[in-house]
Amino acid sequence: MCGIVGAVAARQVSGILLEGLRRLEYRGYDSAGMAVIDQGQIGRVRRVGKVQSLAEALAKHPLTGTLGIAHTRWATHGVPNEVNAHPHMSGERLAVVHNGIIENFESLRDELIGAGYTFSSETDTEVVAHLLDREVSAGKSLREAMRAVIQYLEGAFALGVVHADYPDQLVTARKGSPLVIGVGIGEHFIASDQLALLPVTDRFMFLEDGDIACLTPDSVEVEDGSGQSVDRAVTRFEHGAGSAEKGAFKHFMLKEIYEQPAVMASVMEGRISDGHLLEQAFGVEAKALFDRVRQVQIVACGTSYHAGMIAKYWIEELVGIPCMVEVASEFRYRPVVLPEGTLFLTLSQSGETADTLAALREIRSRVIGTLAICNVPGSSLVRESDLALMTNAGPEIGVASTKAFTSQLVALMLTTLALGRRFGLSDTREREILAAFAQLPALLERLLALDPEIEQMAAQFAEKHNALFLGRGTLFPVALEGALKLKEISYIHAEAYPAGELKHGPLALVDKDMPVVTVAPTNAMLEKLKANMQEVRARGGELFVFAGQDQSLRDEPGINLIRLPSIPIILEPIAYTLPLQLLSYHVAVLKGTDVDQPRNLAKSVTVE
Ligand code: G6P
């Protein structure tokens, strides 16, 4: 994930920019660069590799000046090298940093070449630099040029631009990629994440899609997509948000559960434009690899494995190709048969799980390509895979995984759509699905409002020693994940079954002391599930039901029901996970266990 920092001040900015880049290192990148305007000239330094390499280069060739932009690049168009690193320039007087993907860059590049521009990089960003130059050369101000250029751009972007003729102006724009303005006294900043600017300010202005802003040391002028001048509120940074601190929450796990609405937005940010997926987000080689995929093999451990199980339902339904899922510790040690055209997909929060890594290393030479869906950039899994899609969930500290799981599911749906396009999934269906996913942040907020009801329900579990979880279809892996959460942190023995299997064994366990948690959304499997619930009631089992809008399911003796709002079917596995996370959390709190660091378990299992 690329990072942007920019500053316009009365003091030297290169130190501020460098520190900003350091603070964005957590996002993962492959090169870094900076451009600063000094006495009517742009000085630029770029390096492949770490921000530290850039810092060493700057120590030898300092960039002085009070206006500058800087960037960490995660390659999407063109390999990681110095020529492709940002900032990109048009001529000697204009420099640009960009996050996101310009989808129509090829046609724009052809047009610009026709107009006499020469390209020095393989990036999509360089077209933005030349387009801006063309407008400025035609007599527009830098800000007018930005207004004109963003009309040409299809895709997602956050941009920062400086021009040697405007030595006190930093012009910025965003659509689909995050960008925040840092408000100082006599100085202003931009960044792709407010964390980058915390050493210089704690006051921030968030731009909306289509906004353009012009920053000088003393002013910030914002115009919206229609060119109207607008005020965007200035807010203070809330300490603890998205960071490795608990803030007001009693436990990291609870904080991470509550972060999920924001995380849903951040995993989609910059990857969707005008209602469709930008598959370049998967990396430079994505298109060529996806074109050759004929089936998918998913390998993961623990919670990540459950995310993979849900993806199997999605891939086989929406793409229509086979998808196999297996836990890494089994997969790595057996002689597996993989048909030609297999994409090997690993899922991991940490990117360091020993079994998952070993499986990847074992299989690499026998598949057409490898994709890691992971929350830690720069982790071994990411480095060793052909493609990587970051889940952008922020650090997860609680050992029991919550936000990493739901963010993996979003990333898996993006993967499903990328593959689906190649197997007849219509543009209309893709748009419908992404429109539903766009509702996730708001929907999860509404589900969090059920917390007090779930806390009350939890009281009935505190004295139990066992629990059964039931679900069908995509809700079966959700039931598995619910049971895993409960056993991990409350030490209650919990198992999950696809509800149709009940009478093939687990029904023998059901009596008044066996709580049976059922995830029962209103979908095609509900009638079947209700029959399974009857089987439980008939044996005196106590049901704890997370239900949809179906009114025939009611709270009554033997059935404790929490009703969820109406949820699009495609979102059910994500939405129904959240109440189960809260249930385990409250049971664990009531039992007084160590919620964030349950006994015998580790966050990152780097040994076999
Ligand atoms: C450990 C953690 C789990 C996690 C599993 C896989 O067991 O406690 O929360 O699901 O490892 O980890 P990964 O980092 O590969 O997702």
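Tutor: Helices (H or I, at least four residues) and strands (E, at least two) are DSSP runs, numbered from the N terminus. Helix α1 (residues 14-23) includes S14. The model is a predicted one, in which local features need pLDDT of at least 70 and side-chain atom pairs count only at pLDDT 80 or more, while totals for chains, interfaces and linings use all residues. Residues are numbered from 1 along each chain as its sequence is written, and side-chain values use heavy atoms, with hydrogens and water left out.

Student: Which residues is S14 in contact with, leaving aside its neighbours within four places in sequence?

Tutor: Contact means heavy atoms within 4.5 Å. On that basis S14 is in contact with M34 and L63. A polar contact is a pair of N or O atoms within 3.5 Å; within protein, one must be able to donate a hydrogen and the other to accept it, and residues adjacent in sequence count only if both atoms are side-chain atoms. The S14 side chain reaches the backbone oxygen of L63 at 3.4 Å.

Student: How many residues surround the ligand?

Tutor: A residue is near a molecule if one of its heavy atoms lies within 4 Å of it. Here 13 residues surround the ligand, the closest being S304, S348, Q349, S350 and T353. Helix α9 (residues 302-319) supplies the largest share of this shell, three residues.

Student: How is the shell around the ligand divided by class?

Tutor: Ala, Val, Leu, Ile, Met, Phe, Trp, Tyr, Cys and Pro count as nonpolar, Asp, Glu, Lys and Arg as charged, and the others, Gly among them, as polar. The shell has four nonpolar, eight polar and one charged residues. In the lining of the second largest pocket there are 11 nonpolar, five polar and six charged residues.
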